Amino acid sequence: MAVKKGKAAARKVKDKWKAKEWYKLYAPRMFNQVELGETPSADPASLIGRNIEVTVHELTGDFSKMHIKMRFRVDDVNGFEAHTAFVGHELTSDYVRRLTRRKRTKTDHVVDVRTKDNFVVRIKPMSITEQRIQAAQETAVRNILTETLNTMAAEMSVSDLVKAIISGDLSRDLSNAVKVIIPIKRIEIRKSEVIKAGTPDENELSIQEQIGQETAAAEPEESEPEEEVSEEAPAEEAVAEEAESEEIAEEAEEEAPAEEN
């Protein structure tokens, strides 16, 4: 009897798997709705709320961003297409460990900011100083990070904020702000999390499109090739003039004895 029950249970599991369909996962508009992969499900409703984690390298093809993991959550299913929303990011643990060294102070901080499109995002920056610092200095660093992040985020959409995190622009601006009071080795945005969703602008360019435009603008315009000016020309003219003067002098010496006779 036990053998028969085991076979029946195995048959039921197999039947459940056959009932599942494959759904394609797509990134949100800020990442140009690129395909993230596929996931099986027997019921489309069960996909809502499912989390997906991919690296920025998989989204944009940039190998230098393999240490940044983006997190998305399915919020809409249309046919066999599952569309996601951005819910946060995190640096890989091995990358964070490589940044930590002896005789330096690593300060973790948590700041909740609101973007101009009403997203509330929890940002967790990590600062690493050139040398050990005191507790009062750590407090000063946290105060500057809080003030700077709130000011910058208020002028950005959530897409701009994510782009600044990925590109490192946000970390650079925070480092410049903190360097005023303490020597900073590095600042990284270790983690972010969307606390409250807002209303993104549907007409806003995706992060890939923004990066493409910035790259095109940074490339120098092709100019017409200028005519090459030979540096040897003046030297050659000088040699010709010198030779000509020598010939004139020789002719003058040859004519001088004839006149005396």
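Reply: Begin with a term: a pocket is an open set of grid points where a 1.4 Å probe fits, with protein on both sides within 12 Å along at least five of seven lines, and its lining residues have an atom within 4 Å of a point. Note also that this is a predicted model.

Me: Which residues lie nearest the centre of the second largest pocket?

Reply: Rolling a probe the size of a water molecule over the atoms shows where empty space is left. Here the second largest pocket is lined by 16 residues, and His67, Tyr95, Ile165, Gly168 and Glu188 lie nearest its centre. Strand 5, helix 5 and strand 9 each give two or more residues to this lining. Strand 9 gives the most, four residues. The volume of the second largest pocket is about 180 Å³.

Me: What classes of residue make up the lining of the second largest pocket?

Reply: Seven nonpolar, six polar and three charged residues.

Me: What is the volume of the largest pocket, and which residues lie nearest its centre?

Reply: The largest pocket has a volume of about 530 Å³. Its lining holds 26 residues, with Pro28, Ala85, Phe86, Phe119 and Pro200 nearest the centre. Strand 5 (81-91) supplies the largest share of that lining, five residues. Strand 4 (68-78), helix 5 and strand 9 are among the elements that supply at least two residues each. By class, the lining of the largest pocket has 13 nonpolar, six polar and seven charged residues.

Me: How many Å should helix 4 span?

Reply: At 1.5 Å a residue, the 19 residues of helix 4 should span 27 Å, and the end C-alpha atoms are 27 Å apart, which agrees.

Me: Which residues of helix 6 are buried, and what do they pack against?

Reply: Leu170, Ser171, Leu174, Ser175 and Val178 are the buried residues of helix 6 (169-178). Their arc down the axis is within 135 degrees, so they line one face of helix 6. They pack against helix 4 (135-153), helix 5 (158-167) and strand 9 (184-196).

Definitions and conventions:
Residues are numbered from 1 along each chain as its sequence is written. This is a predicted model: local features need pLDDT of at least 70, side-chain atom pairs count only at pLDDT 80 or more; totals for chains, interfaces and linings use all residues. Side-chain values use heavy atoms; hydrogens and water are left out. Buried means under 20% relative accessible area, exposed over 50%, partly exposed in between (1.4 Å probe, protein chains only). The arc is that of the directions from the helix axis to the C-beta atoms. Contact means heavy atoms within 4.5 Å. On a 1 Å grid over the protein atoms alone, a cavity is a set of points where a 1.4 Å probe fits but cannot get out, and a pocket is an open set with protein on both sides within 12 Å along at least five of seven lines; lining residues have an atom within 4 Å of a point. Grid points are joined across faces, edges and corners, and a volume is the space filled by probe spheres set on the points. Ala, Val, Leu, Ile, Met, Phe, Trp, Tyr, Cys and Pro count as nonpolar, Asp, Glu, Lys and Arg as charged, and the others, Gly among them, as polar. The expected span of a helix is 1.5 Å times one less than its number of residues.
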